Amino acid sequence: MISYLARKILFIILVLLGVSFIAFLLTYVVPTDPARAILGLRADDQSVQNLRRNLGLDDPLYLQYPHYLYRIMNGNLGYSFVTNQKVSALIIERFPATLKLSLAAFGLTVVLGIPLGCLLALYRGRYIENLLSLSLIGGASLPVFFTALLFSWIVGSVLNLLPVSGYEEGLKGIKFIILPCLALSFYPIVVIACLTRSNLINALDEDYIRTSMAYGFSQWIIIFKYALKNTFLSVLTTLGNIFAALFSGAFFVEYIFSWPGIGLLAVDSVMRYDFPIIQGIVLFTSSVFIAVTTVVDILYSYLDPRIRFCK
Amino acid sequence: MICNLVRYRKLFKFVFVVTLMSLVLSADLFLSYDPLWGDLKESLQSPSIKHFFGVDLVGRDVFVRVIYGIRISLLIAISTQFFSLLIGITLGSLAGYFHDTLVDRVISYVLAVVWGFPFLLLVLAITTAIGPGVVQIIVAISLVNWVGIARVVRGEFISLKERQYVLAARATGVRKGRIIFRHILPNAVSPITVIAVFGLVDIITIEAGLSFLGFGVQPPTPSLGKMIFEGKDFIQNAWWQSVFPGLALTMIILFFNSLGDKLNREKRG
Amino acid sequence: MKKTFLVSLLLIFVVLIINDLASEEKGEQGQPYAPKYGGTFKSAIESNIKSLDPIEINDVFSFHAASQIYEGLLDFQDKKPVPMLAKSWESKDNKTWIIHLRKDVFFQDDKCFSEGKGRLVTAQDVKYSFERLVDPNLKSAGAWLFKDIVVGAALFFNGEAKEVTGFKIKDDFTLQIDLTNPYPPFLFRLSTNFCFIVPREAVEKYGKNFSFHPVGTGPFKLASYAPDREIRLARNLRYWGRDSKDKKLPYLDEVNIRIIRDDMIRFANFKKGNLNVTKIPLALYPQIVTKEKKLSKSYNKYKLILLPGLEVQYYGFVLNKQPLGKNKALRQAINFAINKKEILKYILKGKGYIAKGFIAPGFSAYNAELEGYAYDLEKAKQKLVEAGYPKGKGLPEIEILLNAGTEIEAIATTIQNQLNKVGIHCKLSVTDFQTLIGKAFKGDAQVFRMWVEPLYPESEILMVQFLTKNVAPSGWNLYRYSNSKVDRFFEEAMLSRSQKERIEKYKKIEEIVVEDAPWIFLFFGEISRLLEPHVQGYVLDELQHVKYKSVWLKQ
């Protein structure tokens, strides 16, 4: 087990190294000059060249990358080209907002998705279930930014129920998180609901369940104690992927609702050619994504007895 | 009564989709408005007999643009998936077949790195580097998208290569290439198709999203995502600019979702 | 009889004087002058600020916030200089400038000063701030302001000198600036944000963090900044400024600048009462502003500010690219083929003015009689024949570079369509703004869409982009335009001592440039704001600068 974990961790480090290298490479392959972007249209050429030199943009690649690696190892992600702020500080400052949104959406997905899936499974074949499934899949087919726009427009502007932008710390901030959260979790809720539904249907058809029901055990107890446990495994993997996807998919939602998280910071930095922030965010997001998927992988192999013993 | 309708529901859907597809493909023949340029004087007219879906800001008929937009979205999605499949199947099968050798380790490493990189940022970065445009989008998304396919293919190959018929083929001395392509691959087709179809949905969403952000299909070529974005400021007084492209996009995605769903169910048997 | 006559004369005299005084006291909206203190003003900008360090600021949003915190030597109002930190100045030859500072201005209280109390602003501070602008180790976006015109600045900029000798400190409150050549618009340069005065203590203490820890002399201090959320400015209790009744400024307790990217969401917030002021989104412009440029009935509870802006929107030709470069008739043909009226009416919804040249109505050198290129298909076709491409035959496709944006692309598509009608075929390439500028500088484009927002309200700033010495990449003459007549007139203007003469030269330059057609001349902008009725003292100038120090809320 220990060696397995150790190998996994080594692999992760190598992957992160590769990711950082690609991030580095890309920013220097891009043809636009960040120094000109920072100083603006009227700045004279000499100032721009000075800035390029000060930022180290003119050094050849094989010099820049080792410097960069060395900095990263020491935890220094550099300073923003545009605002001079420490990249690590910026990311730490903006991360909680994205985390809040992702966790809220994730929570909503689980709290709404799984029971919805159960309901769909129990009432399968009935008219209302068909209708619901169809409209759910239809709604989930909307691209995420369209859903977000629709929510923003209908609930926010037309019905005027909830604010469409803004952010506040603590409990006061709940009214601001509702719309973005709904928009973000809409698609995952449907996915989880459908997954739960099909897995539950399969599980309910199992012999031991039918036997229990024949013996008169309460339907709900059966569902919760037995059927769900077996569906849990496959749902878990998907949940893991969903959490990771939510995290990076919050991108569009953050943009539309002006939610001050990492996604919005990423958009801004790309527009401004603020390389250090872009590289920092890439590294950070990849780490989180890889960490989450690895944890899910490990949990999966730990929980599924078939895999554990066959490996 | 209800059961009967339900039975015919699939038929209706099928017929509807076929009509739509033929409409889209044969659009040039009977549509009279130019999807690229319009008459400014007609700017922002609401839907009418003359203009089914209304007119956009520049005076173009929205219905015609939606039809062309569907075409472009489909073109981009299918081409991208084609190239992704090309790269993904090749590398995935090699990695899977040569499981636990250097080839596999290298390919798996590349897979992990590209998979770990934030998808959208990578595509954005590539488009910034190579420029915008239909061809560039296809290249940019393919370069990132093949990974999903490769992972599935590799997984399938790892399990399939221990099957009886493969061991038999190896024992008989069949060349490796032949084994891969003529023996294992055909059996992996089913899950690959499913993921390819569902992948189309992702590609369409990404392309629409890219256009939404401003990197994408160049004007005046219509793109559904771009049309939604351009219309969003006018939602109050000229809603048709965003709503109809949005509905069209949804229908395409719905179609591919149900197609993938159907294939999935058939695979499970 | 005589007594009654004298008394009535006296009474009339008194009444006249009182009337006179009363009309002077009336505020901006014609209300009786009785500003209330207190309250929080809520406004919004559409993007994050990049920095609050005066030498780094080159975008309007950072300027918006920084101009409330910092001040420069002077400012311009209605094209006339208004003293700020400088109380007077003189120059006999436009080459040597003497600046006399006020003696009662203190920096805002901050930890960087001893005992946390801001100290008096002196001439040393001015020299320090100005030298930062040409410091080669700093991220200065405004080095061009002084580098080539102040004695010793170029040496300092090249690292060959320890100070700029052209900034001479005569005494604690007097500074002399020596220029290499006479330069009449020098005061305008001093009024830009690059010349805001900063204290050395703050720069040294905060280093890299100075960009978000500003310490100025202005009416407001930075209370907090939360990126993508809001900027909070709080009243500077030690502010030196007073209103015309000698009451302390500012009136407001706090200014809250929220960051809301989407136009419609900002407007929705305004209607809900969360903001005191908003820009008018283009999509709603026809509903809010009538054709006569007045408030429409449904919005008449608000106040409208509408004025022609100084910005000009155009497409620039890169003149070292063929066939456009050497073919003046072709460029003129393109100009004639564009129906600007239609674009203004249908796409811009009337928000803007047709530009015949590049000097907007707000400038003193504006030429209303300029002929320009009015839409004329026949002339366009004629010019095409003259250019050697009758009906566009033989003309290769022209690539137009533009940055993303709904209006921008709509205009470009329409132009493409209009040019098609005479046989000129174009391809549109949408990219982001930074890439566009990069390509224009490198000369990697044939035609690019641009707009110029002048830094100060003096036509000279528009002229420099047409001078041969500023040809890109060393300057921002991105069009690689060169006409010796233009250069000569400009030199003459700089040597002239009379503003009237300069204006005549500027007008001549504009005529020549318009005739040479290095641009597709399109539109001048229009500045629009909607205010809540209880907002008083809100003054917006043609550069879209607003000073919150004079704003007060009636309830």
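Predicted model: local features only at pLDDT ≥ 70, side-chain atom pairs only at ≥ 80, totals over all residues.
Chain C is divided into domain 1, which is made up of residues 2–35, 234–307 and 528–553, domain 2, which spans residues 71–217, and domain 3, which spans residues 308–526. Between domain 2 of chain C and domain 3 of chain C, the C-alpha centres lie 35 Å apart, and the contact of these two domains takes nine residues from each of them. On the side of domain 2 of chain C that touches domain 3 of chain C, six residues are nonpolar, two are polar and one is charged.

The contact of chain C with chain A draws on 31 residues from chain C and 31 residues from chain A. On the side of chain C that touches chain A, helix H4 (144–147), helix H8 (263–272) and helix H14 (433–442) of chain C each supply at least two residues, and it is H14(C) that gives the most, with five residues. By class, this side of chain C comprises twelve nonpolar, eleven polar and eight charged residues.

Helix H14(C) deserves a separate description. Seven of the ten residues of H14(C) are buried, so this helix is largely enclosed by the rest of the structure. The buried residues of H14(C) are C:Gln434, C:Thr435, C:Leu436, C:Ile437, C:Gly438, C:Ala440 and C:Phe441. Their cover includes helix H2 (34–39) of chain A, together with strand E14 (398–403), strand E15 (426–431) and strand E16 (447–452) of chain C. After H14(C) comes C:Gly443, which has a positive phi, near 80 degrees.

Within chain A, the axes of helix H5 (residues 87–122) and helix H11 (residues 262–272) come within 7 Å and cross at roughly 130 degrees; H5(A) and H11(A) are therefore oblique to each other. To this contact H5(A) brings A:Leu90, A:Ile91, A:Arg94, A:Phe95 and A:Thr98, while H11(A) brings A:Ile262, A:Gly263 and A:Leu265. Sorted by class, the residues joining H5(A) with H11(A) are five nonpolar, two polar and one charged.

The largest nonpolar core has 311 residues, and those with the most contacts inside this core are A:Ala148, A:Val253, B:Val123 and B:Ile149. When its neighbours within four places in sequence are left aside, A:Ala148 is in contact with A:Ala183, A:Phe252, A:Val253 and A:Ile256.

Terms used: Residues numbered from 1 in each chain as written. Chains lettered and ligands numbered in written order. Axes fitted to C-alpha atoms, helices over the stretch in contact; angles between N-to-C directions. Helix = DSSP H or I, 4+ residues; strand = E, 2+ residues; numbered from the N terminus. Parallel < 35°, antiparallel > 145°, perpendicular 65-115°, else oblique. Contact = placed C-beta atoms within 7 Å. Nonpolar A, V, L, I, M, F, W, Y, C, P; charged D, E, K, R; others polar. Core = buried A, V, L, I, M, F, W, Y, C linked by C-beta atoms within 7 Å. Buried ≥ 20, exposed ≤ 12 C-beta atoms within 10 Å, placed from the backbone. Domains from an automatic or database assignment.
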